Amino acid sequence: MNQSGEVAFAQVRIAPGAQVDESAVLGPGTTVWELAQIREEAVLGCDCVVGRGVYVGPGVKIGHRVKIQNHALVYEPAELADGVFVGPAVVLTNDRSPRAVGADGRPKRAGDWEAVGVRVAEGASLGARSVCVAPVGIGRWAMVAAGAVVTKDVPDFALVAGVPAQRIGWVGPAGERLRPLPDRVGLWECPSNGNLYSENDGILTELSAQYREKSSP
């Protein structure tokens, strides 16, 4: 424990007041802030940031360089890939038919229902106070707008917003909204780095550097 009261081991920082189960695995460079709770057998990769008041459920799997902002709730059996961003107060649910009691009026226990998870692919971002209703998958580099409620799978690179969430555009890894090329149907460009993408039947694919070179004037 250092002078600030933080616990540091194997380059992991755990702030005072955080609860990290001894069976959880945290990679080097990961920081857990005050009042966060990381449950049994959860696995977090390297260089993650777990904000104040975050909840990470039992057995949740989180990749490298993931940032989970204050008071987000990540219920098991969620899986977050590398580079995922989870905004403040985001909720990843795990119950398709939530009830406190069964039809007989008795309290429901862990064995009375089957947990289902949210899967978030590489680089995706979940905006503040958005809700992902399991089971659902968020594609690579997709972006969920603040306050959106996701009830169906989100494609790679999709920008979704609203209740329920609908696709309103495309985004690239730089986080900028892609713009259509006016003289080339189905082609999109990142205004930040000029990378090109091809849209076909609602699926966006990043084009290779070789293609971009051939397409440049």
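Tyr75 is partly exposed, at 27% relative accessible area. The model is a predicted one. Two aromatic pairs are counted in it. One of them joins Tyr55 and Tyr75. Their ring centres lie 5.3 Å apart, and 45° separates the planes. That geometry makes the pair tilted.

Where do the two tyrosines sit? Tyr55 belongs to strand 9, residues 55-56. Tyr75 is in the loop between strand 12 (73-74) and strand 13 (79-80). The pair therefore ties together parts that are 20 residues apart in sequence. Tyr55 has a relative accessibility of 14%, so Tyr55 counts as buried. Tyr75, at 27%, is partly exposed.

## The Phe157 and Tyr197 pair

Phe157 lies in the loop between strand 21 (149-150) and strand 22 (158-161). Tyr197 lies in strand 26, residues 196-200. Parts that are 40 residues apart in sequence are thus tied together by this pair.

## Salt bridges

Side chains of opposite charge can pair when their charged atoms come close. The model holds six salt bridges. One of them links Arg39 with Glu40, with 3.0 Å between the closest N and O atoms. Arg39 has a relative accessible area of 25% and is partly exposed. Glu40 is partly exposed at 33%.

Arg167 and Glu199 make another salt bridge. Their closest N and O atoms are 3.7 Å apart. Arg167 is part of strand 23 (residues 166-170), while Glu199 is part of strand 26. The bridge therefore ties together parts that are 32 residues apart in sequence. Arg167 is partly exposed at 39% relative accessibility. Glu199 is partly exposed at 25%.

Which residues are joined by salt bridges that share partners? Glu122, Arg140 and Asp156 form one such network. Within it, the side chains of Arg140 and Glu122 meet at 3.8 Å, N to O.

Both of these residues are in loops. Arg140 sits between strand 19 (136-138) and strand 20 (143-144). Glu122 sits between strand 16 (118-120) and strand 17. The pair ties together parts that are 18 residues apart in sequence. Arg140 is partly exposed, with a relative accessible area of 32%. Glu122 counts as partly exposed at 36%.

## Ser125 in strand 17

Strand 17 covers residues 125-126 and includes Ser125. The loop that carries Glu122 lies between strand 16 and this strand. Is Ser125 buried or exposed? Ser125 has 18% relative accessibility, so Ser125 counts as buried. The cut-off for buried is under 20%.

Which residues does Ser125 touch, beyond its neighbours within four places in sequence? The contacts are Phe85, Ala142, Met143 and Val144. Strand 20 spans residues 143-144, so Met143 and Val144 of the contact list belong to that strand.

Notes
Residues numbered from 1 in each chain as written. Predicted model: local features only at pLDDT ≥ 70, side-chain atom pairs only at ≥ 80, totals over all residues. Heavy atoms only, no water. Helix = DSSP H or I, 4+ residues; strand = E, 2+ residues; numbered from the N terminus. Buried < 20%, exposed > 50% of the residue type's maximum accessible area, 1.4 Å probe, protein only. Contact = heavy atoms within 4.5 Å. Phe/Tyr/Trp six-rings, centres within 6.5 Å; stacked < 30°, edge-to-face > 60°. Salt bridge = Lys/Arg side-chain N within 4 Å of Asp/Glu carboxyl O.
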